[in-house]
Amino acid sequence: MLVLTTFGDDELVLAALRAGARGYLLEDVTLEQLARAVRTLEEGGTLVAPSITDRLLRAIRSAPQPDDTPVVQELTERELEVLRLMAEGFGNRMIADVLFLAEGTVKNHVSSILLELGGRDRTNAVLRAVREGILR
């Protein structure tokens, strides 16, 4: 999606990009620039008006850096059992069999573990648990 607008406000630009826009141009572009933008997006590229890009980059550089490490939430006993089996390389079906649970219940526990440990996948969650001293 290409946004063509008179509004160059940073918040509006960010909202459009978050909503899936791959291009954002101000309406003062020439027909040639607009055609080039459409071709760029059609080929899978992205394009933001240079004046907007420059402003956004300056704002990003001057903004305080957030701590990207999520706080580890406390796990329940059952989640710890599932986490230990994950660390052993067990898949959902095997964990379900060992703990006498439905596979869907195990999937729910795994999702909770990933969320609570801030892991993007099972391996990352297990490594985070080891690093945080949750698993030894």
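Biologist: What span does helix α2 reach from its first C-alpha to its last, and what is expected at 1.5 Å a residue?

Modeller: Please note first that this is a predicted model, in which local features require pLDDT of at least 70 and side-chain atom pairs count only at pLDDT 80 or more, while totals for chains, interfaces and linings use all residues. Residues are numbered from 1 along each chain as its sequence is written, and side-chain values use heavy atoms, with hydrogens and water left out. Helix α2 covers residues 31–42, 12 residues in number, and reaches 16 Å between its first and last C-alpha atoms. The expected span of a helix is 1.5 Å times one less than its number of residues. For α2 the expected value is 16 Å, and the span is close to it. As for the label itself, helices (H or I, at least four residues) and strands (E, at least two) are DSSP runs, numbered from the N terminus. Just after α2, Gly44 takes a positive phi of about 95°.

Biologist: What places Arg55 in its accessibility class?

Modeller: The relative accessible area of Arg55 is 30%, so Arg55 is partly exposed. Arg55 belongs to helix α3, residues 50–62. Not counting residues up to four places away in sequence, Arg55 touches Gly8, Asp9 and Asp10. Arg55 and Gly8 are 47 residues apart in sequence, and their C-alpha atoms are 9.8 Å apart in space.

Biologist: How many residues has the largest nonpolar core, and which have the most contacts inside it?

Modeller: A nonpolar core is a set of buried Ala, Val, Leu, Ile, Met, Phe, Trp, Tyr and Cys residues joined through side-chain atoms within 4.5 Å. The largest such core has 19 residues, and those with the most contacts inside it are Val82, Leu83, Met86, Ile95, Ile113 and Leu117. At least two residues of this core come from each of α4 (77–87), α5 (92–99), α6 (103–117) and α7 (122–131). Apart from it lies another core, of 11 residues, including Val13, Ala16, Leu25 and Ala37.

Biologist: Which residues of α4 are buried?

Modeller: In α4, the buried residues are Glu79, Leu80, Val82, Leu83, Leu85 and Met86. Their cover includes α5, α6 and α7. Val82, with residues up to four places away in sequence left out, touches Ile95, Leu99, His109, Val110 and Ile113.

Biologist: What makes the arrangement of α4 and α6 parallel or perpendicular?

Modeller: Axes are lines fitted to C-alpha atoms, for helices over the stretch in contact, and angles run from 0 to 180 degrees between N-to-C directions. Angles under 35 degrees count as roughly parallel, over 145 as roughly antiparallel, 65 to 115 as roughly perpendicular, and the rest as oblique. The angle between α4 and α6 is about 90°, with their axes 10 Å apart. The two helices are therefore roughly perpendicular to each other. Among the residues making the contact are Arg78 and Val82 of α4 and His109 and Ile113 of α6.

Biologist: How do the axes of α5 and α6 cross?

Modeller: They come within 8 Å and cross at roughly 110°, which makes α5 roughly perpendicular to α6. Asn92, Arg93, Ile95 and Ala96 of α5 meet Glu103, Val106, Lys107 and Val110 of α6. For the classes, Ala, Val, Leu, Ile, Met, Phe, Trp, Tyr, Cys and Pro count as nonpolar, Asp, Glu, Lys and Arg as charged, and the others, Gly among them, as polar. This contact of α5 with α6 has four nonpolar, one polar and three charged residues.

Biologist: What is the accessibility class of Phe100, and with what relative accessible area?

Modeller: Phe100 has a relative accessible area of 75% and is therefore exposed. Phe100 lies in the loop between α5 and α6. Its phi is near 55°, a positive value in a residue other than glycine. Most residues other than glycine have a negative phi.

Notes. Buried means under 20% relative accessible area, exposed over 50%, partly exposed in between (1.4 Å probe, protein chains only). Contact means heavy atoms within 4.5 Å.
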